[in-house]
Amino acid sequence: MFHNRWLTLPNLFSEFRIVAAPFLLLLAWHDLPYWFLALLAVALLSDAIDGYLARTLHETSELGAQLDSWGDLTTFLIVPLAVWWLWPEIIIREAPYIIFVLFAYLLPMLVGLVKFKNLPSYHTWAAKTSVVTMSISVFSLLLFDFPWLFRVFALLQILVALEEIAITLTLRQLRNNVPSYWHARRLEGNRPGR
């Protein structure tokens, strides 16, 4: 049933992020930085809540994992453009780190697309930690022009990317919600005939 799959509470939080993306762009386009940051904070909070709700309410699903990943991707891709409109001087100054973060975020997806013909939705512990640390560092950068947290966490993104690539290379078939490389190895170690 359509509503049972799409309208679960956890999925609604993920869908909210997808719907919020054009509004984030509109707020940035109309030069409303504090409204932009407020909506971004709510979107990031919804990202923290959806997985917790799915596990607590026993509503985890393949659709939910994919919606969460699409919500993450949508938010992640529009934020640099919106920030460019609102704080171009910060984007210019932090360009190497921003490019590094984008590359570290997109490369594991590309590897997953090449191997599995689909976007991976691993939701690793490292990626979850990274979302929290990057969120804090982005807000400290935009609100207080404090770049060092952002720069440190941008460089740490390589560890998240390397783990997700290692998971993709380890798995024989695409699986969602693989918490770590160790879990991927364990999943593959439990294959029949091994």
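**Note on the helices of this model and their loop residues**

1. H123 lies in the loop that runs between α6 and α7, where helices (H or I, at least four residues) and strands (E, at least two) are DSSP runs numbered from the N terminus. The model is a predicted one, in which local features need pLDDT of at least 70 and side-chain atom pairs count only at pLDDT 80 or more, while totals for chains, interfaces and linings use all residues. Residues are numbered from 1 along each chain as its sequence is written, and side-chain values use heavy atoms, with hydrogens and water left out.

2. H123 has a phi near 50°, which is a positive value in a residue other than glycine. Its relative accessible area is 15%, so H123 is buried; here buried means under 20% relative accessible area, exposed over 50%, and partly exposed in between, with a 1.4 Å probe and protein chains only. K117 is also found in the loop between α6 and α7, and although K117 is not a glycine, its phi is positive at about 60°. K117, however, counts as exposed, because its relative accessibility is 68%.

3. K128 belongs to helix α7 and is partly exposed, with a relative accessible area of 40%. When its neighbours within four places in sequence are left aside, K128 is in contact with R55 and H123, contact meaning heavy atoms within 4.5 Å. The C-alpha atoms of K128 and F146 are separated by 23 Å, the two residues being 18 residues apart along the chain.

4. Helix α7 has 20 residues and reaches 28 Å from its first C-alpha to its last, close to the 28 Å expected at 1.5 Å a residue; the expected span is 1.5 Å times one less than the number of residues in the helix. Among the buried residues of α7 are A127, S130, T133, M134, V138 and F139, and what covers the buried residues of α7 includes α3, α4, α5 (88–93), α6 and α8. After α7 comes D145, whose phi is positive, near 50°.

5. Helix α3 (residues 33–56) has 24 residues, and its reach of 34 Å from first C-alpha to last is close to the 34 Å expected at 1.5 Å a residue. H58, with a positive phi near 55°, follows α3.

6. Which way do α3 and α7 run relative to each other? Their axes come within 12 Å and cross at roughly 170°, which makes α3 roughly antiparallel to α7. Axes are lines fitted to C-alpha atoms, for helices over the stretch in contact, with angles running from 0 to 180 degrees between N-to-C directions; angles under 35 degrees count as roughly parallel, over 145 as roughly antiparallel, 65 to 115 as roughly perpendicular, and the rest as oblique. The contact is made by Y34, L37, L40, A41, L44, D47 and R55 of α3 together with K128, V131, S135, F139, L142 and L143 of α7. By class, this contact of α3 with α7 has 9 nonpolar, 1 polar and 3 charged residues, where Ala, Val, Leu, Ile, Met, Phe, Trp, Tyr, Cys and Pro count as nonpolar, Asp, Glu, Lys and Arg as charged, and the others, Gly among them, as polar.

7. Helix α6 (residues 95–116) and helix α8 (residues 148–170) pack at an angle of about 5°, with their axes 8 Å apart, and α6 and α8 are therefore roughly parallel to each other. The residues that make the contact include Y97, I98, F100 and V101 of α6 and F150, R151, A154 and L155 of α8. By class, the contact of α6 with α8 has 16 nonpolar, 4 polar and 3 charged residues.

8. R151, which is placed in helix α8, counts as buried because its relative accessibility is 13%. Leaving aside its neighbours within four places in sequence, R151 is in contact with R93, E94 and Y97.

9. For α4, the 25 residues reach 36 Å from first C-alpha to last, close to the 36 Å expected at 1.5 Å a residue. α4 bends by about 30° at V79, and a proline, P80, follows within four residues.

Note on methods: The bend at a residue is the angle between axes fitted to the seven residues ending there and the seven starting there.
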